[in-house]
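Please look over the charged pairs and the nonpolar surface of the protein shown here. The report below is meant to be read beside the sequence and the model.

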Amino acid sequence: MTSRRRPSWLDIAAVVAVVGALVFAMTSPRVEAQGDSARMLFIHVPTIWLAYLAFAVTFIASIAYLVTKKLNWDLIAGSSAEIGVVFTTVAIIGGMIWGKATWNVYWTWDARLTLTAIMLFVYIGYLALRRAIPDPEARARRSSVLGILGLVQLIPVHFSVTWWRTLHQTNTFRPRDIQMDGPILAALLISVAAFTVVYVALLRHRYELAQLDLAAHEAAAATEGPVAGDAVSAPSIGSSGA
Amino acid sequence: MIRRYWKFLLPASVLLGILVILMINLSSNLVYFHTPTELYTEVAPSSDRLRLGGQVVAGTVEESGEMLVLTVTDGREALPVEHTGVIPQLFAEGQGVIVEGTWDGETFRSDTMLIRHDEQYRTEDNQIYDSVDHQLEES
(Lines give C-alpha, C1' and ligand atoms only; values in the text may rest on other atoms or scores of the structure.)
Protein backbone atom coordinates (compact mmCIF):
# COMPACT_ATOMS: atom_id res chain seq x y z
CA MET A 1 0.00 0.00 0.00
CA THR A 2 1.19 3.49 -0.76
CA SER A 3 1.32 5.55 2.39
CA ARG A 4 0.75 9.19 1.51
CA ARG A 5 -0.15 9.84 -2.11
CA ARG A 6 0.07 13.11 -3.92
CA PRO A 7 -3.30 14.56 -4.94
CA SER A 8 -4.27 13.32 -8.38
CA TRP A 9 -4.94 15.56 -11.38
CA LEU A 10 -8.63 14.99 -10.72
CA ASP A 11 -8.39 16.44 -7.21
CA ILE A 12 -6.49 19.45 -8.51
CA ALA A 13 -9.03 19.90 -11.32
CA ALA A 14 -11.88 19.82 -8.76
CA VAL A 15 -10.32 22.55 -6.61
CA VAL A 16 -9.47 24.73 -9.63
CA ALA A 17 -12.98 24.28 -11.05
CA VAL A 18 -14.67 25.29 -7.78
CA VAL A 19 -12.45 28.37 -7.36
CA GLY A 20 -13.16 29.34 -10.97
CA ALA A 21 -16.89 28.82 -10.51
CA LEU A 22 -16.79 30.95 -7.36
CA VAL A 23 -15.26 33.84 -9.33
CA PHE A 24 -18.06 33.62 -11.92
CA ALA A 25 -20.69 33.32 -9.17
CA MET A 26 -19.50 36.43 -7.36
CA THR A 27 -19.06 38.55 -10.50
CA SER A 28 -22.23 37.52 -12.37
CA PRO A 29 -24.81 40.29 -12.78
CA ARG A 30 -27.28 40.87 -9.96
CA VAL A 31 -30.64 39.16 -10.18
CA GLU A 32 -33.12 42.01 -10.56
CA ALA A 33 -35.91 40.67 -8.33
CA GLN A 34 -33.80 39.30 -5.46
CA GLY A 35 -30.45 41.06 -5.34
CA ASP A 36 -27.37 39.36 -3.94
CA SER A 37 -29.24 36.65 -2.01
CA ALA A 38 -29.91 35.04 -5.40
CA ARG A 39 -26.22 34.14 -5.55
CA MET A 40 -27.27 31.22 -3.37
CA LEU A 41 -28.41 29.85 -6.73
CA PHE A 42 -24.81 28.92 -7.55
CA ILE A 43 -24.66 26.62 -4.49
CA HIS A 44 -28.26 25.46 -4.30
CA VAL A 45 -28.76 24.27 -7.89
CA PRO A 46 -25.39 22.46 -8.31
CA THR A 47 -25.73 20.67 -4.96
CA ILE A 48 -29.23 19.36 -5.67
CA TRP A 49 -28.06 18.42 -9.18
CA LEU A 50 -25.27 16.39 -7.56
CA ALA A 51 -27.79 14.72 -5.29
CA TYR A 52 -29.88 13.69 -8.32
CA LEU A 53 -26.74 12.54 -10.16
CA ALA A 54 -25.39 10.60 -7.17
CA PHE A 55 -28.69 8.78 -6.58
CA ALA A 56 -28.97 8.02 -10.30
CA VAL A 57 -25.47 6.48 -10.20
CA THR A 58 -26.55 4.43 -7.15
CA PHE A 59 -29.57 3.25 -9.15
CA ILE A 60 -27.48 2.21 -12.17
CA ALA A 61 -24.76 0.58 -10.05
CA SER A 62 -27.42 -1.34 -8.06
CA ILE A 63 -28.89 -2.74 -11.28
CA ALA A 64 -25.39 -3.54 -12.53
CA TYR A 65 -24.70 -5.45 -9.30
CA LEU A 66 -27.89 -7.51 -9.57
CA VAL A 67 -27.08 -8.36 -13.21
CA THR A 68 -23.33 -9.09 -12.86
CA LYS A 69 -23.11 -10.03 -9.14
CA LYS A 70 -19.78 -8.17 -9.03
CA LEU A 71 -19.29 -6.57 -5.60
CA ASN A 72 -17.47 -3.58 -7.07
CA TRP A 73 -20.78 -2.29 -8.46
CA ASP A 74 -22.25 -2.40 -4.98
CA LEU A 75 -19.28 -0.44 -3.64
CA ILE A 76 -19.93 2.25 -6.25
CA ALA A 77 -23.64 2.30 -5.33
CA GLY A 78 -22.88 2.77 -1.64
CA SER A 79 -20.15 5.36 -2.23
CA SER A 80 -22.35 7.42 -4.53
CA ALA A 81 -25.33 7.36 -2.14
CA GLU A 82 -23.11 8.66 0.65
CA ILE A 83 -22.06 11.64 -1.48
CA GLY A 84 -25.70 12.15 -2.48
CA VAL A 85 -26.78 12.36 1.17
CA VAL A 86 -24.08 14.93 1.91
CA PHE A 87 -25.06 17.13 -1.04
CA THR A 88 -28.81 16.81 -0.37
CA THR A 89 -28.07 18.12 3.12
CA VAL A 90 -25.99 20.99 1.74
CA ALA A 91 -28.77 21.81 -0.76
CA ILE A 92 -31.36 21.88 2.03
CA ILE A 93 -29.22 24.02 4.36
CA GLY A 94 -28.34 26.40 1.50
CA GLY A 95 -32.00 26.53 0.54
CA MET A 96 -32.97 27.40 4.12
CA ILE A 97 -30.54 30.33 4.22
CA TRP A 98 -31.85 31.49 0.84
CA GLY A 99 -35.45 30.96 1.99
CA LYS A 100 -34.97 33.15 5.05
CA ALA A 101 -33.57 35.92 2.85
CA THR A 102 -36.32 35.85 0.24
CA TRP A 103 -39.42 34.01 1.54
CA ASN A 104 -38.92 35.17 5.14
CA VAL A 105 -38.90 31.60 6.56
CA TYR A 106 -36.16 29.01 6.91
CA TRP A 107 -38.48 26.07 6.56
CA THR A 108 -42.11 25.36 5.77
CA TRP A 109 -43.97 22.17 4.91
CA ASP A 110 -44.72 22.78 1.25
CA ALA A 111 -44.58 19.90 -1.24
CA ARG A 112 -41.05 20.53 -2.55
CA LEU A 113 -39.44 20.94 0.85
CA THR A 114 -41.31 18.02 2.43
CA LEU A 115 -40.56 15.58 -0.40
CA THR A 116 -36.88 16.61 -0.47
CA ALA A 117 -36.65 15.96 3.27
CA ILE A 118 -38.26 12.52 2.76
CA MET A 119 -35.75 11.78 -0.01
CA LEU A 120 -32.89 12.65 2.36
CA PHE A 121 -34.23 10.34 5.06
CA VAL A 122 -34.82 7.45 2.63
CA TYR A 123 -31.17 7.60 1.55
CA ILE A 124 -29.97 7.94 5.15
CA GLY A 125 -32.01 4.76 5.67
CA TYR A 126 -30.18 3.21 2.72
CA LEU A 127 -26.82 3.99 4.36
CA ALA A 128 -28.08 2.63 7.70
CA LEU A 129 -29.18 -0.57 5.96
CA ARG A 130 -25.69 -0.99 4.51
CA ARG A 131 -24.10 -0.63 7.93
CA ALA A 132 -26.51 -3.14 9.47
CA ILE A 133 -25.42 -6.05 7.24
CA PRO A 134 -21.81 -7.19 7.77
CA ASP A 135 -21.71 -9.82 5.02
CA PRO A 136 -20.71 -8.08 1.74
CA GLU A 137 -22.81 -10.33 -0.51
CA ALA A 138 -25.98 -10.04 1.57
CA ARG A 139 -25.43 -6.31 1.98
CA ALA A 140 -25.05 -5.84 -1.76
CA ARG A 141 -28.16 -7.88 -2.56
CA ARG A 142 -30.46 -6.17 -0.06
CA SER A 143 -29.24 -2.60 -0.45
CA SER A 144 -29.40 -2.80 -4.24
CA VAL A 145 -33.18 -3.30 -3.95
CA LEU A 146 -33.48 -0.05 -1.99
CA GLY A 147 -30.96 1.64 -4.29
CA ILE A 148 -33.23 0.89 -7.24
CA LEU A 149 -36.57 1.73 -5.57
CA GLY A 150 -35.17 4.91 -4.03
CA LEU A 151 -34.75 6.61 -7.37
CA VAL A 152 -38.51 6.60 -8.05
CA GLN A 153 -39.03 9.43 -5.54
CA LEU A 154 -36.86 11.80 -7.56
CA ILE A 155 -39.77 12.24 -9.98
CA PRO A 156 -42.23 13.69 -7.41
CA VAL A 157 -39.37 15.66 -5.81
CA HIS A 158 -38.51 17.33 -9.09
CA PHE A 159 -42.04 17.91 -10.37
CA SER A 160 -43.61 18.78 -7.00
CA VAL A 161 -43.48 22.49 -7.89
CA THR A 162 -45.49 21.82 -11.06
CA TRP A 163 -47.92 19.24 -9.68
CA TRP A 164 -48.87 21.14 -6.53
CA ARG A 165 -48.99 24.77 -5.52
CA THR A 166 -45.89 25.41 -3.42
CA LEU A 167 -44.01 28.25 -1.76
CA HIS A 168 -40.95 27.14 -3.71
CA GLN A 169 -40.92 28.71 -7.16
CA THR A 170 -41.58 26.50 -10.19
CA ASN A 171 -38.79 25.05 -12.31
CA THR A 172 -36.68 27.69 -14.07
CA PHE A 173 -35.41 25.15 -16.59
CA ARG A 174 -38.37 24.28 -18.73
CA PRO A 175 -37.90 22.52 -22.06
CA ARG A 176 -36.75 25.15 -24.60
CA ASP A 177 -37.81 27.98 -22.29
CA ILE A 178 -35.19 28.92 -19.72
CA GLN A 179 -36.33 31.68 -17.38
CA MET A 180 -32.88 33.12 -16.81
CA ASP A 181 -30.69 35.75 -18.38
CA GLY A 182 -27.61 34.61 -20.35
CA PRO A 183 -24.79 35.76 -18.01
CA ILE A 184 -26.46 34.23 -14.93
CA LEU A 185 -27.12 31.03 -16.88
CA ALA A 186 -23.47 30.84 -17.98
CA ALA A 187 -22.23 31.27 -14.39
CA LEU A 188 -24.69 28.63 -13.20
CA LEU A 189 -23.64 26.09 -15.85
CA ILE A 190 -19.97 26.65 -14.93
CA SER A 191 -20.88 26.08 -11.30
CA VAL A 192 -22.80 22.89 -12.14
CA ALA A 193 -19.84 21.61 -14.18
CA ALA A 194 -17.38 22.41 -11.36
CA PHE A 195 -19.49 20.59 -8.76
CA THR A 196 -19.75 17.61 -11.10
CA VAL A 197 -15.94 17.39 -11.20
CA VAL A 198 -15.96 17.49 -7.38
CA TYR A 199 -18.46 14.61 -7.39
CA VAL A 200 -16.28 12.47 -9.67
CA ALA A 201 -13.20 13.15 -7.51
CA LEU A 202 -15.08 12.35 -4.29
CA LEU A 203 -16.62 9.20 -5.77
CA ARG A 204 -13.21 7.94 -6.84
CA HIS A 205 -11.75 8.42 -3.36
CA ARG A 206 -14.76 6.92 -1.60
CA TYR A 207 -14.78 3.95 -3.99
CA GLU A 208 -11.08 3.27 -3.38
CA LEU A 209 -11.73 3.42 0.36
CA ALA A 210 -14.66 1.01 -0.02
CA GLN A 211 -12.41 -1.40 -1.92
CA LEU A 212 -9.83 -1.25 0.89
CA ASP A 213 -12.64 -1.85 3.41
CA LEU A 214 -13.77 -4.92 1.48
CA ALA A 215 -10.22 -6.24 1.18
CA ALA A 216 -9.71 -5.76 4.93
CA HIS A 217 -12.99 -7.55 5.62
CA GLU A 218 -11.99 -10.49 3.40
CA ALA A 219 -8.51 -10.67 4.94
CA ALA A 220 -10.03 -10.70 8.41
CA ALA A 221 -12.51 -13.39 7.38
CA ALA A 222 -9.65 -15.49 5.94
CA THR A 223 -7.59 -15.37 9.13
CA GLU A 224 -10.47 -15.58 11.58
CA GLY A 225 -12.06 -18.56 9.87
CA PRO A 226 -9.53 -21.25 10.98
CA VAL A 227 -9.32 -19.77 14.47
CA ALA A 228 -13.06 -20.20 14.99
CA GLY A 229 -12.82 -23.68 13.47
CA ASP A 230 -10.02 -24.66 15.85
CA ALA A 231 -12.15 -23.74 18.81
CA VAL A 232 -14.92 -26.02 17.58
CA SER A 233 -12.70 -28.97 16.72
CA ALA A 234 -10.70 -28.81 19.95
CA PRO A 235 -12.99 -31.10 22.01
CA SER A 236 -12.62 -33.83 19.36
CA ILE A 237 -9.07 -34.55 20.64
CA GLY A 238 -10.51 -36.10 23.75
CA SER A 239 -12.99 -38.24 21.83
CA SER A 240 -12.14 -41.31 19.71
CA GLY A 241 -12.85 -39.95 16.24
CA ALA A 242 -10.99 -37.52 13.87
CA MET B 1 -38.97 -17.82 -10.94
CA ILE B 2 -41.54 -16.11 -8.70
CA ARG B 3 -39.63 -17.31 -5.61
CA ARG B 4 -36.57 -15.56 -6.93
CA TYR B 5 -38.27 -12.22 -7.37
CA TRP B 6 -40.77 -12.04 -4.49
CA LYS B 7 -38.15 -10.48 -2.27
CA PHE B 8 -38.02 -7.64 -4.74
CA LEU B 9 -41.68 -7.51 -5.74
CA LEU B 10 -43.07 -7.47 -2.20
CA PRO B 11 -41.28 -4.34 -0.96
CA ALA B 12 -41.74 -2.76 -4.40
CA SER B 13 -45.52 -3.19 -4.33
CA VAL B 14 -45.80 -2.12 -0.68
CA LEU B 15 -43.75 1.01 -1.39
CA LEU B 16 -45.75 1.76 -4.52
CA GLY B 17 -48.99 1.29 -2.58
CA ILE B 18 -47.87 3.66 0.17
CA LEU B 19 -46.79 6.18 -2.45
CA VAL B 20 -50.13 6.06 -4.28
CA ILE B 21 -52.14 6.38 -1.03
CA LEU B 22 -49.89 9.25 0.03
CA MET B 23 -50.33 11.02 -3.29
CA ILE B 24 -54.13 10.68 -3.27
CA ASN B 25 -54.43 11.87 0.33
CA LEU B 26 -51.92 14.63 0.01
CA SER B 27 -53.04 16.03 -3.32
CA SER B 28 -55.37 18.47 -1.55
CA ASN B 29 -53.08 19.09 1.43
CA LEU B 30 -50.08 19.61 -0.79
CA VAL B 31 -51.70 22.78 -2.07
CA TYR B 32 -49.71 25.25 0.00
CA PHE B 33 -52.04 28.21 -0.43
CA HIS B 34 -55.44 29.18 -1.85
CA THR B 35 -56.06 31.74 -4.57
CA PRO B 36 -58.53 34.64 -4.14
CA THR B 37 -60.86 32.92 -6.66
CA GLU B 38 -60.89 29.78 -4.53
CA LEU B 39 -61.70 31.77 -1.39
CA TYR B 40 -64.71 33.36 -3.09
CA THR B 41 -66.01 30.18 -4.71
CA GLU B 42 -64.84 27.08 -2.79
CA VAL B 43 -63.63 27.91 0.69
CA ALA B 44 -66.30 28.71 3.29
CA PRO B 45 -65.46 31.56 5.66
CA SER B 46 -64.48 30.25 9.10
CA SER B 47 -62.11 30.78 11.98
CA ASP B 48 -59.74 28.12 10.62
CA ARG B 49 -56.28 29.32 9.69
CA LEU B 50 -55.40 29.07 6.03
CA ARG B 51 -53.03 30.56 3.49
CA LEU B 52 -53.86 32.95 0.69
CA GLY B 53 -51.49 33.59 -2.18
CA GLY B 54 -51.39 36.08 -5.02
CA GLN B 55 -49.87 39.27 -6.31
CA VAL B 56 -50.01 42.57 -4.47
CA VAL B 57 -52.16 44.91 -6.56
CA ALA B 58 -50.26 48.14 -7.33
CA GLY B 59 -51.66 51.20 -5.61
CA THR B 60 -53.60 49.30 -2.94
CA VAL B 61 -50.93 49.16 -0.22
CA GLU B 62 -51.74 51.43 2.72
CA GLU B 63 -50.41 51.61 6.25
CA SER B 64 -52.94 52.35 8.96
CA GLY B 65 -51.38 52.23 12.39
CA GLU B 66 -50.01 48.76 13.11
CA MET B 67 -51.90 47.37 10.16
CA LEU B 68 -50.94 47.00 6.53
CA VAL B 69 -53.90 47.04 4.17
CA LEU B 70 -53.44 45.60 0.71
CA THR B 71 -55.25 43.78 -2.06
CA VAL B 72 -54.09 40.43 -3.41
CA THR B 73 -55.07 39.11 -6.82
CA ASP B 74 -54.69 35.95 -8.91
CA GLY B 75 -55.52 37.82 -12.10
CA ARG B 76 -59.24 37.07 -11.87
CA GLU B 77 -60.42 37.97 -8.40
CA ALA B 78 -58.98 40.49 -5.94
CA LEU B 79 -59.24 40.09 -2.18
CA PRO B 80 -58.62 42.69 0.53
CA VAL B 81 -56.05 41.72 3.19
CA GLU B 82 -55.39 43.29 6.59
CA HIS B 83 -51.94 42.29 7.75
CA THR B 84 -50.51 42.81 11.22
CA GLY B 85 -47.02 41.52 11.75
CA VAL B 86 -43.59 41.47 10.18
CA ILE B 87 -43.35 42.74 6.60
CA PRO B 88 -40.68 40.83 4.64
CA GLN B 89 -37.82 42.71 3.04
CA LEU B 90 -38.82 41.88 -0.52
CA PHE B 91 -42.40 43.06 -0.06
CA ALA B 92 -43.40 45.34 -2.94
CA GLU B 93 -46.32 46.17 -5.20
CA GLY B 94 -46.68 43.51 -7.88
CA GLN B 95 -44.74 41.00 -5.74
CA GLY B 96 -46.13 37.52 -5.10
CA VAL B 97 -47.06 37.07 -1.43
CA ILE B 98 -48.54 34.35 0.74
CA VAL B 99 -50.40 35.48 3.87
CA GLU B 100 -51.47 33.25 6.74
CA GLY B 101 -54.59 33.92 8.78
CA THR B 102 -58.36 33.75 8.73
CA TRP B 103 -61.02 34.75 6.24
CA ASP B 104 -64.42 36.09 7.25
CA GLY B 105 -65.96 36.24 3.79
CA GLU B 106 -64.95 39.81 3.07
CA THR B 107 -61.47 40.49 4.44
CA PHE B 108 -58.49 38.22 5.00
CA ARG B 109 -56.80 38.95 8.36
CA SER B 110 -53.20 37.77 8.41
CA ASP B 111 -50.37 37.80 10.93
CA THR B 112 -47.71 36.07 8.86
CA MET B 113 -46.47 37.09 5.43
CA LEU B 114 -44.19 35.15 3.11
CA ILE B 115 -42.77 36.24 -0.22
CA ARG B 116 -43.33 33.95 -3.16
CA HIS B 117 -40.86 35.07 -5.77
CA ASP B 118 -41.09 33.71 -9.30
CA GLU B 119 -38.76 31.36 -11.16
CA GLN B 120 -37.30 34.10 -13.37
CA TYR B 121 -33.72 35.25 -12.99
CA ARG B 122 -33.53 38.52 -14.87
CA THR B 123 -30.56 40.84 -14.81
CA GLU B 124 -31.04 44.53 -14.20
CA ASP B 125 -31.54 45.17 -17.92
CA ASN B 126 -34.60 42.94 -17.51
CA GLN B 127 -33.68 40.18 -19.93
CA ILE B 128 -34.12 36.47 -19.85
CA TYR B 129 -32.21 34.06 -22.02
CA ASP B 130 -35.15 33.05 -24.21
CA SER B 131 -36.63 36.53 -24.50
CA VAL B 132 -37.69 36.11 -28.14
CA ASP B 133 -39.93 33.14 -27.39
CA HIS B 134 -41.29 34.94 -24.40
CA GLN B 135 -42.36 37.98 -26.38
CA LEU B 136 -44.14 35.69 -28.83
CA GLU B 137 -46.06 34.11 -25.98
CA GLU B 138 -47.20 37.43 -24.62
CA SER B 139 -48.38 38.90 -27.91
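The sections below take up the basis of the model, then its salt bridges, then a surface patch.

## Basis of the model

This is a predicted model, in which local features need pLDDT of at least 70 and side-chain atom pairs count only at pLDDT 80 or more, while totals for chains, interfaces and linings use all residues. Residues are numbered from 1 along each chain as its sequence is written, chains are lettered from A and ligands numbered from 1 in the order in which they are written, and side-chain values use heavy atoms, with hydrogens and water left out.

## A salt bridge between chains

Over all chains, the structure holds 11 salt bridges, each being a side-chain nitrogen of Lys or Arg within 4 Å of a carboxyl oxygen of Asp or Glu. One of them pairs Arg174(A) with Glu119(B), at 2.9 Å from N to O. Because Arg174(A) belongs to strand β1 (residues 173–174) of chain A and Glu119(B) to the loop between β6 (108–115) and α3 (131–138) of chain B, this pair joins two chains; helices (H or I, at least four residues) and strands (E, at least two) are DSSP runs, numbered from the N terminus.

Glu119(B) is buried, with a relative accessible area of 13%, whereas Arg174(A) is partly exposed at 29%. Here buried means under 20% relative accessible area, exposed over 50%, and partly exposed in between (1.4 Å probe, protein chains only).

## Salt bridges within chain B

Arg109(B) forms a salt bridge with Glu82(B), the closest N and O atoms being 3.6 Å apart. Glu82(B) lies in strand β4 (residues 78–84) and Arg109(B) in strand β6, both of chain B, so the pair ties together parts that are 27 residues apart in sequence. Arg109(B) also forms a salt bridge with Asp104(B), where the closest N and O atoms are 2.7 Å apart.

These residues are partly exposed, with relative accessible areas of 23% for Glu82(B), 41% for Arg109(B) and 43% for Asp104(B). Elsewhere, Arg49(B), Arg51(B), Glu100(B) and Asp111(B) are linked in a network of salt bridges.

## A nonpolar surface patch

Which residues form a nonpolar patch on the surface? They are Trp6(B), Leu10(B), Val14(B), Ile18(B) and Leu22(B), with about 470 Å² of accessible area together. Trp6(B) is found in helix α1 (residues 2–29) of chain B and is partly exposed, at 44% relative accessible area.

Patches are made of residues with over 30% relative accessible area and no salt bridge, with like charges joined within 9 Å and nonpolar side chains (Val, Leu, Ile, Met, Phe, Trp, Tyr) within 5 Å.

Technical notes
Accessible areas come from the Shrake-Rupley method with a 1.4 Å probe; for residues, only the protein chains shown count as cover.
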